[in-house]
Amino acid sequence: MAQELLDRLKQGDETAAGELLDRYASRLIALAMSRIHGRLQRRIDPEDIVQSALGSFFRRAGDGCYQVADGDDLWPLRSTICKHVVDDFETFPDTCFSPSN
């Protein structure tokens, strides 16, 4: 099922993107909330983190960069991307997208 969704994304199927959003958005927001610390909590909303992570995921999925085995879930991949985005925001807060910038 996960590879089918990736294939549909590669073909430009927007309903596949909607299905992935429905499936993972709330979990990704919760993950981002749990990883944002200190000053960054006042500067950035967890939804901004997720939007950035999803944008990255959808661009790369559209380019065919991801492959998953049958029965595998996309959560590990998407959560890893989200964690990296949080790390980027913490490491380079002035160069990352932020509502205050």
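**Values and definitions**

Colleague: Why is Val85 called buried?

Modeller: The relative accessible area of Val85 is 8%. A residue counts as buried under 20%, as exposed over 50% and as partly exposed in between, with a 1.4 Å probe and protein chains only. Val85 is therefore buried. The model is a predicted one, in which local features need pLDDT of at least 70 and side-chain atom pairs count only at pLDDT 80 or more, while totals for chains, interfaces and linings use all residues. Residues are numbered from 1 along each chain as its sequence is written, and side-chain values use heavy atoms, with hydrogens and water left out.

Colleague: Where is Val85 found, and which residues does it touch?

Modeller: Val85 belongs to helix H5, residues 75–91; a helix here is a DSSP run of H or I of at least four residues, numbered from the N terminus. Leaving aside residues up to four places away in sequence, Val85 touches Ile49, Ser52 and Ala53, where a contact means heavy atoms within 4.5 Å. Ile49 is 36 residues from Val85 along the chain, and their C-alpha atoms are separated by 6.4 Å.

Colleague: Is Gln3 buried or exposed, and how do you know?

Modeller: Gln3 has 13% relative accessibility, and therefore counts as buried. This residue lies in helix H1, residues 2–10.

Colleague: Which other residues of H1 are buried, and what do they pack against?

Modeller: Besides Gln3, the buried residues of H1 are Ala2, Leu5, Leu6, Arg8 and Leu9. The buried residues of H1 pack against helix H2 (14–35) and helix H4 (46–62). In general, an α-helix has 3.6 residues a turn, so residues three or four places apart point the same way.

Colleague: What makes the pair Arg8 and Asp13 a salt bridge?

Modeller: The term requires a side-chain nitrogen of Lys or Arg within 4 Å of a carboxyl oxygen of Asp or Glu. The closest N and O atoms of Arg8 and Asp13 are 2.9 Å apart, and the pair therefore meets the rule. Asp13 is partly exposed at 24%, whereas Arg8 is buried at 16%. As a general point, side chains of opposite charge can pair when their charged atoms come close.

Colleague: Which parts does the salt bridge of Arg8 with Glu19 tie together?

Modeller: In this salt bridge the N to O distance is 2.8 Å. Arg8 lies in helix H1 and Glu19 in helix H2, so the pair ties together parts that are 11 residues apart in sequence. Glu19, at 29% relative accessibility, is partly exposed.

Colleague: Why is H2 called oblique to H4?

Modeller: Their axes come within 9 Å and cross at roughly 135°. Axes are lines fitted to C-alpha atoms, for helices over the stretch in contact, and angles run from 0 to 180 degrees between N-to-C directions. Angles under 35 degrees are roughly parallel, over 145 roughly antiparallel, 65 to 115 roughly perpendicular and the rest oblique. H2 is therefore oblique to H4.

Colleague: What makes H1 and H4 roughly perpendicular?

Modeller: They pack at about 80°, with axes 7 Å apart. The angle lies in the range 65 to 115, and the two helices are therefore roughly perpendicular. In this contact Leu6, Leu9 and Lys10 of H1 meet Phe57, Phe58, Ala61 and Gly62 of H4. By class there are 5 nonpolar, 1 polar and 1 charged residues; Ala, Val, Leu, Ile, Met, Phe, Trp, Tyr, Cys and Pro count as nonpolar, Asp, Glu, Lys and Arg as charged, and the others, Gly among them, as polar.
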